[in-house]
Amino acid sequence: DDQIERERASQHLAGGCCALAAIYLLGKFYVANAGDSRAIIIRNGEIIPMSREFTPETERQRLQFLALLRPELLGKEFTHLEFPRRIQPKELGKKMLYRDQNMNGWAYKKIEEDDLKFPLIFGEGKKARMMATIGVTRGLGDHDLKVFSSNIHIKPFLSCFPEVRVYDLTQYEHCPDDVLVLGTDGLWDVTNDKEVAGVVMEVLTSYEPNDPCRYTMVAQELVVRSRGVLKERGWRLANDKLGSGDDISVFVIPLGGPGNYT
């Protein structure tokens, strides 16, 4: 992240990205995630999550706590408190549900002038945005990203530090159908873990265990199904829902070789 910041100045490069990395070292897989890409292990049909998405919803309390400690980062335009909906001026003095950085549930508070500011986190699910700008809360770069029509920088809230999960390969006997799947949010936006596992098993069973192209074909099939088919109303999935409009990148990594097959 520091290198990207240096290159921004020396090479006039802007922008940023999420990061998902898997490293094999001394019998263990280390999966590091900073962003909204995800990884899962499929072992004997069982799904083992190896990361989680970092979004305004999943990191609400971290973001609110930072805003509480450093209110100047909000530029007097945002409030760190969360409300079920935008508050209207006519509701001043009334009571409304809210939650702060210490709360998992909700409580009531009397609406004050500061509560009329735009919330730090607004929206639900994939539509949730931090400072009405970005839908992901960890990643690399984006040092120049600002709130629209303002001088408020997003970067202080956008953490470059990944969450790391460890999987010990030596604790299990793995067959060629056991895999690690890495995918960008374009995959996970429209395909859940169970559906990914179903495609993995469906494609792998159609190839011999020692066929090296079987894993590439799984990745290809996951991309194709998440993109959908182009119809009159846009790209559509098999269930006629909209296909992914984001980039879709998938890696499928075998955890066991043909010699382990039983």
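The largest pocket in this predicted model has a volume of about 460 Å³. Its lining comprises 23 residues, and those closest to the pocket centre are C18, D36, S37, T184 and D185. Two elements, β2 (19-25) and β14 (179-183), each give two or more residues to this lining.

| Class of lining residue | Number in the largest pocket |
|---|---|
| Nonpolar | seven residues |
| Polar | seven residues |

The domain assignment divides the protein into domain 1 (18-52 + 162-254) and domain 2 (59-157). Where do the residues that line the largest pocket come from, in terms of these domains? Domain 1 and domain 2 each supply at least three residues to the lining.

Taken over C-alpha atoms, the centres of domain 1 and domain 2 are separated by 33 Å. Nine residues of domain 1 and five residues of domain 2 take part in the contact. The size of an interface is often expressed as the accessible area lost when the parts come together. Between domain 1 and domain 2, about 520 Å² is buried, and 57% of this area lies on carbon and sulfur atoms.

As to annotation, the unreviewed UniProt entry places the feature "domain: PPM-type phosphatase" at residues 1-255.

Terms used:
Residues numbered from 1 in each chain as written. Predicted model: local features only at pLDDT ≥ 70, side-chain atom pairs only at ≥ 80, totals over all residues. Heavy atoms only, no water. 1 Å grid on protein atoms, 1.4 Å probe; cavity = no way out; pocket = protein on both sides within 12 Å on 5 of 7 lines; lining within 4 Å. Points joined across faces, edges and corners; volume = space filled by probe spheres on them. Helix = DSSP H or I, 4+ residues; strand = E, 2+ residues; numbered from the N terminus. Nonpolar A, V, L, I, M, F, W, Y, C, P; charged D, E, K, R; others polar. Domains from an automatic or database assignment. UniProt positions renumbered as here; feature names shortened; annotations may be inferred. Contact = heavy atoms within 4.5 Å. Buried area = accessible area lost by both parts, 1.4 Å probe.
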